[in-house]
Amino acid sequence: MSGVRVLVGTRKGAFILTSDGGRKRWKVDGPHFAGWEIYHLKGSPADPDRIYASQSSGWFGQVLQRSNDAGKTWAAAGNQFQYEGETGTHLWYDDTPHPWEFKRVWHLEPSLDDPDRVYAGVEDAAFFESRDGATTWTELAGLRTHPTASGWTPGAGGLCLHTIVIDPTNPERIYIAISAAGVFRSEDGGKSWRPANKGLRSNTMPDEDAEVGHCVHRIAMHPSRPQTLFMQKHWDVMRTDDCADTWREISGNLPTDFGFVIDVNANDPETVYVIPITSDSHHFVPDGKLRVYRSKTGGDDWEALTNGLPQKDCYVNVLRDAMDVDSLDPSGIYFGTSGGQVYVSPDGGDSWSAIVRDLPAVLSVEVQTLK
Amino acid sequence: MIQVVLPRNLQILAGVGRVVEVQVQGPATQRSVLDALEADHPALLGTVRDAVTKKRRPMIRFFACEEDLSNEPLDAPLPAPVAEGKEPLLIIGAIAGG
């Protein structure tokens, strides 16, 4: 019997939502780690019962949690994220050099084939790897020591490495995104990196098409077409079909091309979803209407999906890690809001309903398809 | 045994009650008490003080015997009632909100 498990990270704990393949009736479990910020949880593709969670607090710092039984029980794993060698500096908001300082883990990306291997993207931006189930962590320092790194500047949310995408046909090829440095690609499992931002333009920089410095919010890939990536940049929705060698804009008829999330339908690599947000000064949806936009043409031509979503007096935001898809047929689409709602569409976006409405502000949504 | 009072979030993290007891080697100081606490409860590593520098996390305070010991040297002796187990060392999270 197929089913789904939705892992939800919030400002005040983690929740696990489960349903059968119908995705109509839900069981809500939590809060786990009540009172702590849960930036991200993610299950291992190789062992769905193995789940990692990033737990943090302004008071108590970073904790890494691991479950071996699908979130029924948890144990604290290793939380020592030490930068390798000289830490150096990046630029601060006022353009002065600022020492690299570890603050938190934004994103966890388990290996595709080894439950004990997991990558972590952290703030201040760096790329870590564990090969022992998150017990110990090693920085792959080629990213942080990239020649451009001393010129990286934080976005408003900090200098965070928030997105990690592994090419399923070549796990040595990894893409990451940093706010506000941009996309980097590795061909050697994270040892070395090069910027992959050609085609991006950002008017927040004096050189609008600079090699680095772009505030990339999220990138997404369909596993069957790993040379194609979709991007929600601070402003602009983008696409590449050559492994991020070049990008082109596909914002098309979106009401605004600012936003955070972007994802691809599991059953169609040309069906893409975004949730437009009014602007970088108005972190809520336009016109009081919560609308997911879907393109069935790989971008440029977008349709608003509203059936079951609030269409008046709605002023929520949807953060970069707070959308995911399941791989059932039809594919389910999920997202969580700053207002604490988690919505599901079991039919690829045609209709929506709230699984829960009153959680703490949602930071991340990850879906495990259980077959 | 020295008594240490933990904030609620750390009680949950370590799976313990409000008060934990630790045995220290040598003089009772902030360092020796925290060393013993982390040895007994590894889940607390890095949550009260930085795991490498041993510096107190900025929003954590140490109180005992109605005194704020937060800025005392790490190796300064704790008050005698704490060392004798008559008074607890309180680990406090700075007040939240406004």
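A:His217 sits in strand 18 of chain A, which covers residues 216-221. The model described here is predicted.

**A:His217 and its surroundings**

- A:His217 has a relative accessibility of 2%, so it counts as buried, the cut-off for that class being under 20%.
- Setting aside residues up to four places away in sequence, A:His217 touches A:His162, A:Thr163, A:Ser179, A:Gln232, A:Lys233, A:His234, A:Phe258, A:Gly259, A:Phe260 and A:Arg320.

**Chain A as a whole**

- Chain A contains 30 strands and zero helices.
- Taken along the principal axes, the box filled by the C-alpha atoms of chain A is roughly 50 × 45 × 40 Å.
- Of the 371 residues in chain A, 61% are buried.
- Among the contacts in chain A that link residues at least 6 apart in sequence, 50% join residues at least 24 apart.

**B:Thr29 in chain B**

- B:Thr29 lies in a loop of chain B, between strand 2 (19-22) and helix 2 (30-40).
- The relative accessible area of B:Thr29 is 7%, and therefore B:Thr29 is buried, again by the cut-off of under 20%.
- Leaving out neighbours within four places in sequence, B:Thr29 is in contact with B:Leu74, B:Asp75, B:Ala76, B:Pro77 and B:Leu78.
- One of these residues is B:Ala76; B:Thr29 and B:Ala76 are 47 residues apart in sequence, while their C-alpha atoms are 5.7 Å apart in space.

**Where chain A meets chain B**

- At the interface, 15 residues of chain A are in contact with 16 residues of chain B.
- Together the two chains bury about 1200 Å² between them, and 61% of this area is on carbon and sulfur atoms.
- On the side of chain A that touches chain B, strand 5 (51-57) and strand 6 (61-67) each supply at least two residues.
- Strand 6 of chain A gives the most to that side, with three residues.
- The residues on the side of chain A that touches chain B divide into nine polar, six nonpolar and no charged.

Note on methods: Residues numbered from 1 in each chain as written. Chains lettered and ligands numbered in written order. Predicted model: local features only at pLDDT ≥ 70, side-chain atom pairs only at ≥ 80, totals over all residues. Heavy atoms only, no water. Contact = heavy atoms within 4.5 Å. Buried area = accessible area lost by both parts, 1.4 Å probe. Helix = DSSP H or I, 4+ residues; strand = E, 2+ residues; numbered from the N terminus. Nonpolar A, V, L, I, M, F, W, Y, C, P; charged D, E, K, R; others polar. Buried < 20%, exposed > 50% of the residue type's maximum accessible area, 1.4 Å probe, protein only.
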